[in-house]
Amino acid sequence: MNQMRKDESPEKPNPKLRISDEELVGRLAAGDHAAFNEVFERYHRQIYNFIKKQVAERESVEDLAQEVFLRVFKSAKNFDVEKKFSSWIYKIALNEVKRHWKRTGARQTFSLNAPLGEDKSDFERADLIEDERILPDSATEQALFSQNLRTLIDRLPEKQKTVVLLKVYQELTFEEIAEICDCPLSTVLSRMRYAVNKLRRWLGIGEEAGFYGL
Amino acid sequence: MDCKAVQQVIFRFIYGECDSYTLQKVKEHLDVCGACRRERDIIQEILTKLKDGLVEEPVPESFRQRVMARVHAIEADPEF
């Protein structure tokens, strides 16, 4: 599934002609404010959607995403050019989301269900997820599947959910995620494994006990 | 490489993040181990369903305008 890896940016006409994110932020730090437009162009969809998957209200999503870009604009001089810009901006975004959760006391984006733990309730799928109804085969069912999937992702413990969002949807490398989450690579891989373990049971994929304990 | 070792690197393998040596070892193991192949297939199925299940949402045009307006305000008055 190597095809899961992504190009670094949605718009990438010619990599040879395209300056790196890090160089771009260096220009911004040096006072070239026009460089900000390019940074925004490269990252606003990713950052907006990353936050959107964690925060329900559109206004809050826009507020938080805006704050991320303002921080980039104001703090470009603090960016360590030896590091990857993508890790830096996602770290800013993650911190903004955490601050939002702390302020509002709400974590879920879609449901009010508490995250499931490792106990037997873990084996009880969400009420609306029953057997193969989760599997979509029409536009309507696809919409329902997306809605249900979002509910399930919300039920993951916070740190596991963050890894899933950064890996599956933002398509960052596990090393980048480790840097963003300030934890060892092995921890990121464990969180991914536990998250997929839960989702496997909730989605009803591979009903029998997994060979890997998944 | 045995099944337990493959389990430790399976996600990195799936996403193409293994070094070439590990990649080769995992491939060799998968060639002879049906149980690990099945686990890989199931994990890939889950990851594909996750990826395909949530589409990227369009960003409202108002968002760009909001951000740029704030940036211009800061440019005009850095204390803003």
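A:Val61 touches A:Tyr48, A:Ile51, A:Lys52 and A:Val55, leaving aside residues up to four places away in sequence; contact here means C-beta atoms, placed from the backbone, within 7 Å. This is a predicted model, in which local features need pLDDT of at least 70 and side-chain atom pairs count only at pLDDT 80 or more, while totals for chains, interfaces and linings use all residues. Residues are numbered from 1 along each chain as its sequence is written, with chains lettered from A and ligands numbered from 1 in the order in which they are written.

A:Val61 sits in helix H3 (residues 58-75) of chain A; helices are DSSP runs of H or I with at least four residues, strands are runs of E with at least two, and both are numbered from the N terminus. A:Val61 counts as buried because it has 26 C-beta neighbours inside 10 Å (buried takes 20 or more other C-beta atoms within 10 Å, exposed 12 or fewer, partly exposed in between, with C-beta atoms placed from the backbone).

As for the rest of chain A, there are eight helices and zero strands. Of its 214 residues, 35% come out as buried.

Turning to the partner chain, 33 residues of chain B are in contact with 41 residues of chain A. On the chain B side, helix H1 (3-14), helix H3 (34-53) and helix H4 (61-76) each supply at least two residues, and H3(B) gives the largest share, 14 residues.

Methods: Two residues are in contact if their C-beta atoms, placed from the backbone, lie within 7 Å.
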